[in-house]
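I opened this notebook to keep track of what I looked up, one topic per entry.

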Amino acid sequence: MKRLTIVVTAAVAVGTLAATPVGLAAASPGTRTTTAATATSVAWGSCSDPTLQQAHAQCGTVTVPMDYADPGGAKVKLAISRVLHTVPDSQYQGVMLVNPGGPGGSGLIYSILGGFVPGNAGKAYDWIGFDPRGVGSSQPALSCDPNYTAGPRPPYDPVHGSVSAWLTKAAGYAQACGRAGGALLEHLTTVDSAKDMDSIRSALGASKLNFYGFSYGTYLGQVYATLYPDKVRRFVLDSNVDPRGVWYQDNLDQDYAFEVVLTKFFGWIAKYDSTYHLGATEHAVEQQWYDAKDKLQADPAGGVVGAAEWTDIFTGAGYVQFLWPDLASLFSGWVHTPNSKTLVDAYNGSASVGDDNGYAMYLGVQCVDAPWPQKWSTWKRDNTRVAKAAPFLTWSNAWFNEPCRVWPAAAHDPVHVDGRDAPPILLVDETLDAATPYPGSLEVRRRFPEASLIALPGGTNHAFSLSGNTCLDSKIAAYLADGTLPERKSGSRADATCAPLPQPVPSSASASTSTGGATRSPMRARLAVLH
């Protein structure tokens, strides 16, 4: 599964934050107690990020074993941030960890998320952002080849020798990760990160954990709740990973779901043909897109953006529809008044060229979480079949994950996710979510018999809660405030529904500029975990 650059708006305005003694957290709602140190407390200091500074956040580190089976051995330092509760201590509800997904997404900034919860529900928690092991400001952080995504790369489609080129390229990257990662590569599973979450809980002196997970973060939450059901308090899991498919099958399922959403994107462009002039039907727009891709394969824009890079630029349309106007403007501008610099800037801004930490850690987790087929013939057979129905993402996804086939660290058996002992938690998903298809949320609901699922029928956004949908966000706030959940219904279905946010309407401003807004458009809250 993929992710794009995280885009964060200006700092969240939060109330004045009183200093809190280190090592204090909630034993139960409304109380704070000092624990008898089972883990080192956190030495809090200032944050370097301006957004965190404006939110009056504190930053620190938690030191954990690299290998939990060898607690006296090598250590990992987890970077964490904290925005303190602003309600009276009598109304305090505990610590709330946040994971934005990926895997490989930096979560340090997400301690600001409480400011987006309606009413005062978010103010009752200490919101904790953290960079998982190997990610971002945590130490050590994994980087294998910072310029691995620099274009032009071989086309994704299996043509003109691209298969052998990608097999060589992906194997080289896996080998580079083996050299760079060393012993860390053996200890990057979701189980390791779940244990890290529990170490953070202990370091903060909390007897139970609250957690808000997006995308891959939902799988991290599922695994934590399986391993530590007695430590779970309130969990919100938005856009759920299907635990049945971790990770090879989940990626194939994702290809089909992306095809549905990209078709809708092309149809949306056709609806506004008077703005974009790319065709009045979905089919016409789609043909324009593939024609542009073919031309770029033969003659990459600026010597950088070829067919593979063109696909990557538009993959964001499958994640969140707020990107649609800017991507449509970029598309239209390239077709009608091509400007290579604009296209190159859009790609370089969205592909993290020069910084491969997110990609390296995506592989670092997924390649060892569960076994991958070892024979290329299996990958070729499956992706050839899927690509017939879902040509947009399939081969891109295959090469994105190909290093896992030859990864230089042993894969483990995946955790059997079992939420029967977990308390009531809240699940959220849009029914046309491309990155984590909706059946995954139904499966998680089945495995967590106390959970309730809120669905957004027809919605195509991924991991987009707390982004201004009043119906959805108010239900989340109610759960965080007092544990209220929609009443669970019988059968395999959602327990409550909310209408998704409407599709965007292009403005004259967005239509007149081709800026590659995939990395510049403001997101209402934080976002976007796009894996």
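The entries below go from the whole chain to single elements and residues.

**Entry 1: the whole chain.** I noted at the outset that I was working with a predicted model. I then looked up the secondary structure and found 16 helices and eleven strands in the chain. Of the 531 residues in the chain, 59% are buried, and the accessible surface comes to about 18,800 Å², with 54% of that surface belonging to carbon and sulfur atoms. For the contacts in the chain between residues at least 6 apart in sequence, I read that 79% join residues at least 24 apart.

**Entry 2: the nonpolar cores.** Which residues touch the most other members of the largest nonpolar core? They are Tyr212 and Leu480, in a core of 121 residues. Helix H11, which covers residues 357-369, supplies the largest share of this core with eight residues. I also recorded a second, separate core of 43 residues, whose members include Leu296, Ala317, Ala328 and Val344. Going back to Leu480, and leaving aside residues up to four places away in sequence, I listed its contacts as Gln93, Met96, Val117, Ala121, Tyr125, Trp127, Arg234 and Val236.

**Entry 3: strand E6.** Why do I call E6 largely enclosed by the rest of the structure? I call it so because six of its six residues are buried, which here takes a relative accessible area under 20%. For its neighbours in the sheet, I found that strand E4 (residues 75-83) pairs with E6 in the antiparallel sense over four bridges, with Val83 as the bridge partner of Trp127. Strand E5, by contrast, runs parallel to E6 and is joined to it by five bridges, and Gly94 stands opposite Tyr125 there.

**Entry 4: Pro118.** I next looked into the loop between strand E5 (94-99) and strand E6 (125-130), where Pro118 is found. Is Pro118 buried, partly exposed or exposed? With a relative accessible area of 32%, Pro118 is partly exposed. Not counting residues up to four places away in sequence, Pro118 touches Leu466, Asp473, Ser474 and Ala477. I also looked up the pair Pro118 and Ile476, which lie 358 residues apart along the chain, and found their C-alpha atoms separated by 8.6 Å.

**Entry 5: strand E10.** Strand E10 (residues 452-456) has five of its five residues buried, so I wrote it down as largely enclosed by the rest of the structure. Ser452, Ile454 and Leu456 point one way from E10, whereas Leu453 and Ala455 point the other way. Strand E9 (residues 426-430) pairs with E10 in the parallel sense over five bridges, and Leu426 stands opposite Ser452. Strand E11 (residues 496-497) also pairs with E10 in the parallel sense, over two bridges, with Ala455 opposite Thr497. What is the handedness of the β-α-β unit made by E9, helix H14 and E10? That unit, with H14 covering residues 439-447, is right-handed, while the unit made by E10, helix H15 (residues 470-482) and E11 is left-handed.

**Entry 6: helix H8.** I turned to helix H8 (residues 307-315), which is largely enclosed by the rest of the structure, because nine of its nine residues are buried. Among these buried residues are Glu309, Trp310, Asp312 and Phe314. What covers the buried residues of H8? The cover includes H5, helix H7 (282-298), helix H9 (324-336), helix H10 (340-350) and helix H13 (394-401).

**Entry 7: Asp255.** One of the elements covering H8 is H5, and in this helix, which spans residues 248-271, I looked up Asp255. Its relative accessible area is 1%, so Asp255 is buried. The side chain of Asp255 makes a polar contact with the side chain of Asn397 at 2.8 Å. Beyond residues up to four places away in sequence, Asp255 touches Asn383, Val386, Ala390, Leu393, Thr394 and Asn397.

Definitions and conventions
Residues numbered from 1 in each chain as written. Predicted model: local features only at pLDDT ≥ 70, side-chain atom pairs only at ≥ 80, totals over all residues. Heavy atoms only, no water. Core = buried A, V, L, I, M, F, W, Y, C linked by side-chain atoms within 4.5 Å. Buried < 20%, exposed > 50% of the residue type's maximum accessible area, 1.4 Å probe, protein only. Contact = heavy atoms within 4.5 Å. Areas by Shrake-Rupley, 256 points an atom, 1.4 Å probe, with all protein chains shown as cover. Polar contact = N/O pair within 3.5 Å; in protein donor to acceptor, adjacent residues only side chain to side chain. Pairing = 2+ DSSP bridges. Right-handed = clockwise from strand over helix to strand, strands pointing away.
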